[in-house]
Amino acid sequence: MKTEFDIQLHTIDMYRFNLYHTYTTASGYLAILIAVIALAAAVRKWGEVSLSNSVMYVMVGIILLIYTPLTLYLRSKQQVQGSPVLKNILHYTIDDAGITTSQGEMSSTLVWEQVYRIVATRHNILICINPRNAFIIPKDQAAQQYETIRTIAQKHLEKYRLKMK
């Protein structure tokens, strides 16, 4: 079994990956928890503590809930625009040998034993090489190949390394 397709990575695809990566880790959950606690403390203690303390609680909440996603978006835009590889169309071939990406005359194959895991999010298929890096395949660009990708991956990955429905 084999499937081939081309993808063009956009800023929004990279942004969604960065959001997923940031907010599905322990530090991401902790940041959300701290932001919620800080905002709740600001509301609950408003008028009981000094104005500067209340403003500080609000600022911590805003930084963690708004500033972080904003900087992730700007970093994603910079990554896509700054990389000649990400700016151009990538060709994927997924088969029993592994996952081959090619662009022009350059080509690289990731054998199944090197795949850390594959995760399907709402908008992307993430082929993780390690806990921090992944090939990002936008679902809307590979919608017709989704079932084939899942079937091939099921043959080669243990259940705990595959999260595709």
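**A nonpolar surface patch and the overall fold**

Biologist: In this predicted model, is Leu51 buried or exposed?
Modeller: Leu51 has a relative accessible area of 58%. The cut-off for exposed is over 50%. Leu51 passes that cut-off, so the residue is exposed.

Biologist: Which element does Leu51 lie in?
Modeller: Leu51 is one of the residues of a nonpolar surface patch. Two elements give two or more residues to that patch, H2 (26-45) and H3 (51-82). Leu51 lies in helix H3.

Biologist: About how much accessible area does the nonpolar patch have together?
Modeller: The patch includes Ile32, Val36 and Trp46, along with Leu51, Val55 and Met59. Ile62, Ile63, Leu65, Ile66 and Tyr67 also belong. Together the accessible area is about 1,000 Å².

Biologist: What radius of gyration does the protein chain have?
Modeller: The C-alpha atoms fill a box of roughly 65 × 35 × 25 Å along the principal axes. A compact globule of 165 residues would have a radius near 15 Å. The protein chain has 20 Å.

Biologist: What pattern does the chain follow along the sequence?
Modeller: The chain holds five helices and eight strands. Read along the sequence, they follow β-α-α-α-α-β-β-β-β-β-β-α-β.

How values were computed
Residues are numbered from 1 along each chain as its sequence is written. This is a predicted model: local features need pLDDT of at least 70, side-chain atom pairs count only at pLDDT 80 or more; totals for chains, interfaces and linings use all residues. Side-chain values use heavy atoms; hydrogens and water are left out. Patches are made of residues with over 30% relative accessible area and no salt bridge: like charges are joined within 9 Å, nonpolar side chains (Val, Leu, Ile, Met, Phe, Trp, Tyr) within 5 Å. Accessible areas come from the Shrake-Rupley method with a 1.4 Å probe; for residues, only the protein chains shown count as cover. A salt bridge is a side-chain nitrogen of Lys or Arg within 4 Å of a carboxyl oxygen of Asp or Glu. Helices (H or I, at least four residues) and strands (E, at least two) are DSSP runs, numbered from the N terminus. Buried means under 20% relative accessible area, exposed over 50%, partly exposed in between (1.4 Å probe, protein chains only). The radius of gyration is taken over C-alpha atoms; the globule rule is 2.2 Å times the number of residues to the power 0.38.
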